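Please open the model in a viewer and keep the selection tool at hand. The tour has two stops.

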Amino acid sequence: MSERERSTLYELMGGAEMVRRIVEAFYPKVQQHPLLAPLFPSNIDPVIEKQILFLSQFFGGPSLYSDVHGHPMMRARHMPFPITQERADAWLGCMAEALTEVGLPQDLRDFLLDRLKGSAYHFINTPEDE
């Protein structure tokens with residue numbers, strides 16, 4: 001197995017610096033999106049910091065989120081918010097734009113988005129007509 005094959009996704013994407021860049025490119029898009037903005041507080045900074053911790057861990061980096069906040073339990077943490085398929089799609093669309101903006105190669109962007117789709121759709125808890 002080559003060194004590249006042994007690397008984590010976190011390392012392949014550029015580690016802590018790239019995770020921060022992605023998240024900082026992502027949340028302005030979320031705040032501008034009519035379906036997503038109402039779900040987030042006006043002071044987005046704490047959300048950004050939690051997302052950096054979570055995505056670092058999610059992509060195989062250090063267990064930063066768990067070290068600070070305990071087990072992620074992401075579905076339970078998202079239950080208070082009405083998440084529809086349309087909102088999950090919008091979230092993924094904003095993430096796709098952020099991944100493009102930070103300049104990740106297409107194959108890596110596709111892989112990261114595919115990895116995030118499972119979580120985004122797992123959080124759906126509200127029918128579209130609500």
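Which residues lie nearest the centre of the largest pocket? Select Tyr27, Phe40, Val47, Met74 and His78, which lie nearest the centre among the 24 lining residues. The model is predicted: local features need pLDDT of at least 70, side-chain atom pairs count only at pLDDT 80 or more, and totals for chains, interfaces and linings use all residues. Residues are numbered from 1 along each chain as its sequence is written, and side-chain values use heavy atoms, with hydrogens and water left out.

A pocket here is an open set of points on a 1 Å grid over the protein atoms alone, where a 1.4 Å probe fits, with protein on both sides within 12 Å along at least five of seven lines; lining residues have an atom within 4 Å of a point. The largest pocket holds about 690 Å³ of space.

Next, colour helices H4 (45-58), H6 (74-78), H7 (85-101) and H8 (106-122), the elements that each give two or more residues to this lining; helices are DSSP runs (H or I) of at least four residues. H4 supplies the largest share, six residues. By class, the lining has 18 nonpolar, three polar and three charged residues.

Now select H3 (residues 15-32) together with H7: the two pack at an angle of about 135°, with their axes 8 Å apart.

Finally, display the contact (heavy atoms within 4.5 Å). H3 contributes Ile22, Ala25, Phe26, Lys29 and Val30, and H7 contributes Trp91, Cys94, Met95, Glu97, Ala98, Leu99 and Glu101. These residues divide into nine nonpolar, no polar and three charged.

Key: Grid points are joined across faces, edges and corners, and a volume is the space filled by probe spheres set on the points. Ala, Val, Leu, Ile, Met, Phe, Trp, Tyr, Cys and Pro count as nonpolar, Asp, Glu, Lys and Arg as charged, and the others, Gly among them, as polar. Axes are lines fitted to C-alpha atoms, for helices over the stretch in contact, and angles run from 0 to 180 degrees between N-to-C directions.
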